[in-house]
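Good morning, and thank you for coming. Please have the sequence and the structure in view while I speak.

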Amino acid sequence: MATTKWVMDPMHSEVQFKIKHLVISTVTGSFRKFEGEVVTESDDFADSEIDFSLDVDSIDTTQEARDQHLKSAEFFDAETYPKISFKSTSLKKVSGDEYKLEGNLTIKDVTKPVSLDVEFGGSADDFYGQTKAGFEITGKINRKDFGLTWNGVTEAGSIVVGEDVKLIINAQFTKQA
């Protein structure tokens, strides 16, 4: 069977993350620039190959000073490591529209296997006759696994930044002719 390539539509996609701040509240951020593609042999996307990358310099937490700190060598070191990348190793249907996505996530110079949950939102044709497919991808990683070890502690002994990072990616892909 022939393969079909789908390319991420940045205008109808978003990449967000959430992390605990001072253990009491959550900071939400996003990456504004990213790209991804899916190569599949089936209409239900099982066993697709997925490649995805984020532009670290596009990080946005709505606080310029915090964004600059995140881009610095203490965190992502955007100058040395401009991209965060993901390459799938498997995509398996769990039930209905639920899938389990396994793959290798690379942040800075550390690559680790991660497991993400995927909900297939379906596919539809847009006004221009292009076929689109939508997915919500969620998961959790420990930032320290990827060398993001910076830690601040307040005078009262509270940890400033949590270790677990929740990922929420809403992705729309366009079928390529």
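Predicted model: local features only at pLDDT ≥ 70, side-chain atom pairs only at ≥ 80, totals over all residues.

The chain averages a pLDDT of 87, and 89% of the residues score at least 70. Confidence is lowest in β3, at a mean of 82. It is highest in strand β8, residues 98-107, at 95.

Let us turn to the charged side chains. Side chains of opposite charge can pair when their charged atoms come close. How many salt bridges does the count come to? The count comes to 8 salt bridges, and I shall take three of them in turn.

In one of these, the side chains of Asp-60 and Arg-32 meet, with 3.0 Å from N to O. The pair links distant parts of the chain, 28 residues apart. Asp-60 belongs to strand β6, residues 59-60, while Arg-32 sits in the loop between β3 (25-31) and β4 (34-40). Are these two residues buried or exposed? Asp-60 is partly exposed, at a relative accessible area of 21%, and Arg-32 is exposed, at 55%.

Another salt bridge joins the side chains of Asp-51 and Lys-87, at 3.2 Å from N to O. Asp-51 lies in strand β5, residues 49-55, and Lys-87 in strand β7, residues 83-95, so this pair ties together parts that are 36 residues apart in sequence. Asp-51 has a relative accessible area of 28% and is partly exposed. Lys-87 is partly exposed as well, with a value of 47%.

A further salt bridge is formed by the side chains of Lys-71 and Asp-57, at 3.7 Å from N to O. Because Lys-71 lies in helix α1 (residues 64-71) and Asp-57 in the loop between β5 and β6, the pair ties together parts that are 14 residues apart in sequence. Here Lys-71 is buried, with a relative accessible area of 16%, whereas Asp-57 counts as partly exposed at 49%.

Lys-71 leads us to its helix. Which residues of α1 are buried? They are Asp-67, Leu-70 and Lys-71. Seen down the axis of α1, the buried residues fall within an arc of 100°, so they line one face of the helix. What do the buried residues of α1 pack against? They pack against β6, the strand to which Asp-60 belongs.

My last topic is the aromatic rings. The structure holds 8 aromatic pairs. One of them is formed by Phe-31 and Phe-76, with 6.3 Å centre to centre and 75° between the planes, and it is edge-to-face. Since Phe-31 lies in strand β3 and Phe-76 in the loop between α1 and β7, this pair ties together parts that are 45 residues apart in sequence. Both Phe-31 and Phe-76 are buried. Elsewhere, Trp-6, Phe-45, Phe-120, Phe-135 and Phe-173 form one aromatic cluster.

To close, I would ask you to find two pairs in the structure before you. Thank you for your attention.

Terms used: Residues numbered from 1 in each chain as written. Heavy atoms only, no water. Salt bridge = Lys/Arg side-chain N within 4 Å of Asp/Glu carboxyl O. Helix = DSSP H or I, 4+ residues; strand = E, 2+ residues; numbered from the N terminus. Buried < 20%, exposed > 50% of the residue type's maximum accessible area, 1.4 Å probe, protein only. Arc of directions from axis to C-beta. Contact = heavy atoms within 4.5 Å. Phe/Tyr/Trp six-rings, centres within 6.5 Å; stacked < 30°, edge-to-face > 60°. pLDDT = per-residue confidence, 0-100.
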